[in-house]
Amino acid sequence: MFNAQIYDNRRKILADGIDDGLIFLMGNSHVPMNYPSNWLHFRQDSNFLYYCGLDHPDLNLIIDSNSGESTLFADDLNVQDIVWEGERTSVSKMAKTAGIHNILPSKELSSYLLNSNAIHYLPMYRQDQEMTLQTLLNGSQSDASKSLIMKVISQRSIKTEDELNEIESALEITAEMHKLAMRYTRVGISEQKIVGKIEGYALENGRRLAYPVIFTIHGEILHNNNYKNIMKSGQLALNDSGAESPLHYASDITRTFPVSGKFNDLQKDIYNLVWSMQDAAFNHCKPGNSYKEAHLEASKIAVEGLKGMGIMKGNPDDAVGAGAHALFFPHGLGHMLGLDVHDMEGLGEDLVGYNEINNRSDQFGLAYLRLAKELVEGFVLTVEPGIYFIPHLIDQWNAENKYNEFINYDSLGRFIDFGGIRIEDNIVITEQGYRILGPHIPRTVEEIEEIMS
Ligand SMILES: [Mn+2]
């Protein structure tokens, strides 16, 4: 945990930003896997972690917005629980480490809430949370509090030095995971084997993953969680994986490399193009610049490169304006990163990534951009451009004669089994521009071929 003062300050700032009533932060409980006492791995709620750091199930926190005082609702384990689970930190010790002075038993939470004229809470993302809330409030719950959501987003968006250290600690593990994957990948090995190496490395270092590993020869399937293939010569392997830090901050890295250890010419050309897209995006990352512009800039580089290879044609600005590049780059350039891998997405993607000036587009591709607004010093985000050849999408657009003025469909035959390439790194916005977080992970064609040799 961070020291108590940090959590106390965060709660004070939060309370100052809310006019009236109680701020209710619900901690997570165990979730059963297949019967009540067989639990999924416990993950505390990220907002709860942010405001008190306490990483145990069945805790709840109330911050009085008028007095600024916090109360922890929790119970010590009884002897029967201890027989099965062993001892855990006492509630009084927990409260102390989080700088909380008031403790009440969980059974008093409902009446405490119902005695207040205003209760602010955040959106729920699990059914068990919804049901708990309903029970606590006797069925009288309304919508989540917009003012609380906006205040939490404004606080969690700006990462402090302590938080950056956590993310970099996650990236230490992630860098090793990625290097292991490059070293162990070879012709005839299964994807599953590499996934085992990746996740095993995190686990043996006492870490969990921030999201399920994507490791696949079908990089064109954007969130592919199937690991059944045996890797063959000539294929590319895409590894999108990241560990959590001890305090549950996320990391999110993607590398793509040839199964054989050597890129062929076509793979090299597309790889270097994605590399230049990422570089162009980096150069755009500084306070005041909008991330949407970075996305569009990277898209323009993609069109120029694909034009050079005879795949696209026409004016790059027009092609990007029309959305023709999205055939090859159908997702957004990146997202915020923090306690959640898509940071704060549970609070509302548009509220986190957009503002009055930048509305979400409904154009295919651009519509999936999770972060569009102006960058601010202290934002941590991913920069993850990619180029993909998605047979179903190509066939559909071709059949519809879609963007014929920008796309040479006849040139795409040789890309049928190409797959996809994505390169993803995590950066913090600094006063002058940006800084790539974590240790260097092989990123150029030469570096990748070197580590795989
Ligand atoms: Mn990502």
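Leaving aside neighbours within four places in sequence, Leu72 is in contact with Leu59, Leu61, Val91, Met94, Ala95, Ile100 and Ile103, where two residues are in contact if their C-beta atoms, placed from the backbone, lie within 7 Å. The structure is a predicted model, in which local features need pLDDT of at least 70 and side-chain atom pairs count only at pLDDT 80 or more, whereas totals for chains, interfaces and linings use all residues. Residues are numbered from 1 along each chain as its sequence is written.

Leu72 also belongs to the largest nonpolar core, which holds 119 residues, and is listed with Phe24, Leu61, Ala302 and Ile387 as touching the most other members. A nonpolar core is here a set of buried Ala, Val, Leu, Ile, Met, Phe, Trp, Tyr and Cys residues joined through C-beta atoms within 7 Å; a residue is buried if 20 or more other C-beta atoms lie within 10 Å of its own, exposed if 12 or fewer, and partly exposed in between, with C-beta atoms placed from the backbone. Helix α11 (residues 291–308) gives the most to this core, contributing eight residues, and at least three residues are drawn from each of domain 1 (4–156) and domain 2 (161–452).

At the level of the whole chain, 15 helices and 15 strands are found, with helices (H or I, at least four residues) and strands (E, at least two) taken as DSSP runs numbered from the N terminus. The radius of gyration of the chain is 24 Å, close to the 22 Å that the globule rule gives for 453 residues, so the chain is as compact as a globular protein of that length; the radius is taken over C-alpha atoms, and the rule is 2.2 Å times the number of residues to the power 0.38. The C-alpha trace spans about 70 × 50 × 40 Å along its principal axes. Of the 453 residues, 43% are buried, and among contacts between residues at least 6 apart in sequence, 73% join residues at least 24 apart.

The chain is divided into domain 1 (4–156) and domain 2 (161–452), the bounds coming from an automatic or database domain assignment. The C-alpha centres of domain 1 and domain 2 lie 35 Å apart, and 15 residues of domain 1 are in contact with 14 residues of domain 2. On the side of domain 1 that touches domain 2, the elements giving two or more residues are α2 (46–52) and α7 (146–157), and the largest share, five residues, comes from α7. The residues on this side of domain 1 divide into 10 nonpolar, four polar and one charged, where Ala, Val, Leu, Ile, Met, Phe, Trp, Tyr, Cys and Pro count as nonpolar, Asp, Glu, Lys and Arg as charged, and the others, Gly among them, as polar.

Strand β14 (residues 425–429) is mostly covered, with five of its five residues buried. Asp425, Ile427 and Ile429 point one way from β14, while Asn426 and Val428 point the other way. Strand β11 (residues 380–383) pairs with β14 in the antiparallel sense over four bridges, two strands being paired if DSSP finds at least two bridges between them. Within this pairing Val380 stands opposite Val428 and Leu381 stands opposite Ile427. Both faces of β11 are covered as well, with Val380 and Thr382 buried on one side and Leu381 and Val383 buried on the other. Strand β15 (residues 434–436) runs antiparallel to β14 and is joined to β14 by three bridges, and the bridge partner of Val428 in β15 is Arg435. A hairpin through four residues joins β14 to β15.

Asp20, in the loop between α1 (4–16) and β1 (22–26), is exposed, with 12 other C-beta atoms within 10 Å. Not counting residues up to four places away in sequence, Asp20 touches Ser65, Asn66 and Ala118, and its C-alpha atom is separated by 9.9 Å from that of Ser116, 96 residues apart along the chain. Asn138, in the loop between α6 (127–136) and α7, has a phi near 55°, a positive value in a residue other than glycine, and counts as exposed, with 10 C-beta neighbours inside 10 Å. Tyr403, in the loop between α14 (391–399) and β13 (420–422), has a positive phi of about 50° although it is not a glycine, and is partly exposed, with 19 other C-beta atoms within 10 Å.
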